[in-house]
Amino acid sequence: MTDDWWRMGEHEAACFEAPSLTTAAAAAAAIITVAPEAHLDMRHNGLRVRLTPRSDADAVARIVATAGLVAQPAGLQRVRLVLASDDPTVAEFWGGVLSY
């Protein structure tokens, strides 16, 4: 695993800058062949990849390097919201709003 990958919860994640949407799409197609369970977020300027523990991050890293994508760790974001209350109606309300 390279330094381009960050642990985000139970997944490894990386953000890569791509020179074009076409390049990002080609890399995404290649990634799916080695990590079919990967979560991909393709943008006009890059590709965000989130891998499950079963994924081969080294194989994905080789693909993005071959495609000429450049790691951009600053492109990764994660927001966690924790709601706690002793009042069960509050928990029911937010559970319904957030679908959990």
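Which side chain meets that of Asp 41 in a salt bridge with an N to O distance of 3.3 Å?

1. The partner is Arg 48: the side chains of Asp 41 and Arg 48 form a salt bridge at 3.3 Å, N to O. Please keep in mind throughout that this is a predicted model.

2. Asp 41 also forms a salt bridge with Arg 43, where the closest N and O atoms are 2.9 Å apart. A search of the whole structure finds two salt bridges.

3. Helix α1 covers residues 21-34 and packs with α2 at an angle of about 155 degrees, the two axes being 9 Å apart. Because angles over 145 degrees count as roughly antiparallel, α1 and α2 are described as roughly antiparallel to each other. Their crossing is right-handed.

4. Which residues make the contact between α1 and α2? On the α1 side they are Thr 23, Ala 27, Ala 30, Ile 31 and Val 34. On the α2 side they are Ala 59, Val 60, Ile 63, Val 64 and Ala 67. By class, the residues of this contact comprise nine nonpolar, one polar and no charged.

5. Asp 58 belongs to helix α2, which spans residues 57-67. The relative accessible area of Asp 58 is 34%, so this residue is partly exposed. Between Asp 58 and Gly 96 there are 38 residues along the chain, and their C-alpha atoms are separated by 39 Å.

6. Thr 52 sits in the loop between β4 (46-51) and α2. Is Thr 52 buried or exposed? With 13% relative accessibility, Thr 52 counts as buried, because the value is under 20%. Apart from neighbours within four places in sequence, Thr 52 is in contact with His 11 and Glu 37. Val 64, one of the α2 residues in the contact with α1, is twelve residues from Thr 52 in sequence and 17 Å from Thr 52 in space, C-alpha to C-alpha.

7. Cys 15 lies in strand β2, residues 11-17. Its relative accessible area is 10%, so Cys 15 is buried. The C-alpha atoms of Cys 15 and Leu 81 are separated by 22 Å, with the two residues 66 apart along the chain.

Methods:
Residues numbered from 1 in each chain as written. Predicted model: local features only at pLDDT ≥ 70, side-chain atom pairs only at ≥ 80, totals over all residues. Heavy atoms only, no water. Helix = DSSP H or I, 4+ residues; strand = E, 2+ residues; numbered from the N terminus. Buried < 20%, exposed > 50% of the residue type's maximum accessible area, 1.4 Å probe, protein only. Axes fitted to C-alpha atoms, helices over the stretch in contact; angles between N-to-C directions. Parallel < 35°, antiparallel > 145°, perpendicular 65-115°, else oblique. Left-handed = near helix turned anticlockwise from the far one by under 90°. Contact = heavy atoms within 4.5 Å. Nonpolar A, V, L, I, M, F, W, Y, C, P; charged D, E, K, R; others polar. Salt bridge = Lys/Arg side-chain N within 4 Å of Asp/Glu carboxyl O.
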